[in-house]
Amino acid sequence: MSERLRAELARIADTLGGAIEFTLERPRDPSHGDLATNLAMQLARRERGNPRAMAERVVAALDHSAAELASVEIAGPGFINFRLAASTLAEELQRIIADGARYGRSQSGQRRTVNVEFVSANPTGPLHVGHGRGAALGDGIAALLEWTGHAVTREFYVNDAGVQISRVAESLWARVQEAVGRSAAIPEGGYHGDYLKEAAAELLAREGAGFADLDGAVGIDRCRAAVLLMQRAEQDTTLADFGVRFDVVSSEQQVYDQGEVDASIARLQDAGLTFEEGGALWLRTSSFGDDRDRVLRKSDGTYTYLAPDVAYHLDKFGRGFDHAIDVWGADHHGYIPRMQAALTALGLPAGWLDVVLVQLVRVVRGGDEVKMSKRSGDFVTLRDLYEETGVDAARYWFLMRRGDSHLVFDIDLAKSRTDENPVFYVQMAHARLCGIDRNATAAGIVTNDSVADFTAGDLALLKELTAFPDVVARAAQDHEPHQVTTYLDGLARLVHAWYHGSRVLGEAPSLAGTRLQLARGARQVFSNALTLLGISAPERM
């Protein structure tokens, strides 16, 4: 709905000195209008002029018919507030109905290619709820980008090299020995969960009891291969059942095996970006924005995490992506500047890699923290959670807050069928709208597009519906799916109030018809927003 006004403001900016960045968005306080812009302040800053005087020039240049405005006012230090004409709102309601499942989508991304890498867990055990939050967040970001016209590739990077993989292989070998009645200790730093007992039983059933008699080194090597296959299969199944699938799965071990780590280090050396000190090889990341230089290869000849990560991201860049977004755990916050510095040193464009952080989740039941799952041994698994609460509730709760903010997941509340449960509240709003549609259709009510008879409550709901495309665009730009859940929460409050305060059945045909059209438009927006987030939109609750 704001496209025509945005275009009109861009035209004015061009006549007043050239194109400039500006915002056009809904004011926090609805009494200030339907939309507001900072264009005048941006122009005044460029020309070192008075913002309010510039705002008067902008308003004077406005073609009200082109933007279809009811009123315009200048506020504060130079903001310009707009109220939309009823005809504009009526047209947008028609557009919602006509576009259907496409409403809210755009082609602003112009098919720009984006790689979104998320979850990327070590294949050492079941996925925990922190992985689940990262999965919902990454999938939500990818969906938002798709909705705004980007060509998105979802990628899972398997951390299948390094000491943790060795530890889980040794732990599985110990469980194999235990399964045949021998005493065996889990190695220091190893894995104790019951899932390895299950894996040992499965391995012996497949290979035979003689598997336990293999030479230790051979057995551990075989366990390594087996546990990687088993855990990756479980991760894929768990995520698929959670509604998350990937286009590409990459392997850290393959990055080593294909010589990409050595090649990237040679490239850094050839560019004079490394130096040796204390027997280690260092990267001059401090020259590119990091707070200090970083080790690539330790004095014992082994690589730090930075070396394969640089090689892997070079591979991504070489695949032709215009942009890359990684979803990392919040404990990797300090790793971001060194990674970006390394890529900048190699000549990748500034800003090519964005990192979105996700905090861990604290799960509570009955007010007490749920600290562990028997199967995992030391954490709550993602599958345990969504099998108890349902996938819809889990995904919605994971997306209710910014990824980098702490989240308390209340299992009791997430399972409840009350207005206090956010996902139930939103889905019930959609179901009520479906009920209105069913009953009105059965009564023979015919829709019409006029909004002349609308009350203030009707118009408030319609205005909120028309904000959906802008919400999607901003959430995609900011990589923040929680903006959509926040919007849904507010929309649900309006719908529930409207449901109790406005009638369709029993009203005059004209008002009944326009309210039925409004109900159908609201139903469509709810359906689209929930679908975007990977959450169902039930017609009955």
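Tutor: We can. The model is predicted. Start with β13 and strand β14 (residues 368–369), which run antiparallel and are joined by two bridges.

Student: What makes β13 and β14 a pair?

Tutor: Two strands pair if DSSP finds at least two bridges between them. Two bridges join β13 to β14, so the pair meets that cut-off. In β14, Asp 368 is the bridge partner of Arg 365.

Student: What lies between the strands of this hairpin?

Tutor: The hairpin of β13 and β14 has two residues between the strands, and Gly 366 takes a positive phi near 60°.

Student: Which other strand is joined to β13 by bridges, and how many are there?

Tutor: Strand β15 (residues 407–410) is joined to β13 (residues 361–365) by four bridges, and these two run parallel. Arg 362 stands opposite Val 408 in β15. Pairing needs at least two bridges, and β13 and β15 have four, so they pair as well.

Student: Why is β7 called an edge strand?

Tutor: Take the sheet order: five strands, β7-β6-β5-β11-β12, form an open sheet with parallel pairing. β7 (248–251) and β12 (353–358) each pair on one side only, and they are the edge strands. On average, neighbouring strands of this sheet are turned by 25° against each other, direction ignored.

Student: How do you know that β5 pairs with β11?

Tutor: Four bridges join β5 (residues 113–117) to β11 (residues 323–329). The cut-off is at least two, therefore they count as a pair. One of the bridges links Glu 117 to Asp 326 in β11.

Student: Why is Arg 154 called buried?

Tutor: Buried means under 20% relative accessible area; Arg 154 has 11%, so the word applies. Arg 154 is found in strand β6 (residues 151–158). Among the residues that Arg 154 touches are Val 116, Phe 118 and Arg 245.

Student: What makes the approach of Arg 154 to Asp 139 a polar contact?

Tutor: The two side chains make the contact at 2.9 Å. The limit for such a pair of N or O atoms is 3.5 Å, and 2.9 Å is within it.

Student: Are Cys 223 and Cys 434 buried or exposed?

Tutor: Cys 223 is buried, because its relative accessibility is 0% and the limit is under 20%. Cys 434 also has a relative accessible area of 0%, so it is buried too.

Student: How many disulfides does the structure hold?

Tutor: The structure holds zero disulfides. A disulfide would need a pair of cysteine sulfur atoms within 2.5 Å.

Terms used. Residues are numbered from 1 along each chain as its sequence is written. This is a predicted model: local features need pLDDT of at least 70, side-chain atom pairs count only at pLDDT 80 or more; totals for chains, interfaces and linings use all residues. Side-chain values use heavy atoms; hydrogens and water are left out. Axes are lines fitted to C-alpha atoms, for helices over the stretch in contact, and angles run from 0 to 180 degrees between N-to-C directions. Buried means under 20% relative accessible area, exposed over 50%, partly exposed in between (1.4 Å probe, protein chains only). A polar contact is a pair of N or O atoms within 3.5 Å; within protein, one must be able to donate a hydrogen and the other to accept it, and residues adjacent in sequence count only if both atoms are side-chain atoms. Contact means heavy atoms within 4.5 Å. Lists of a residue's contacts leave out its neighbours within four places in sequence.
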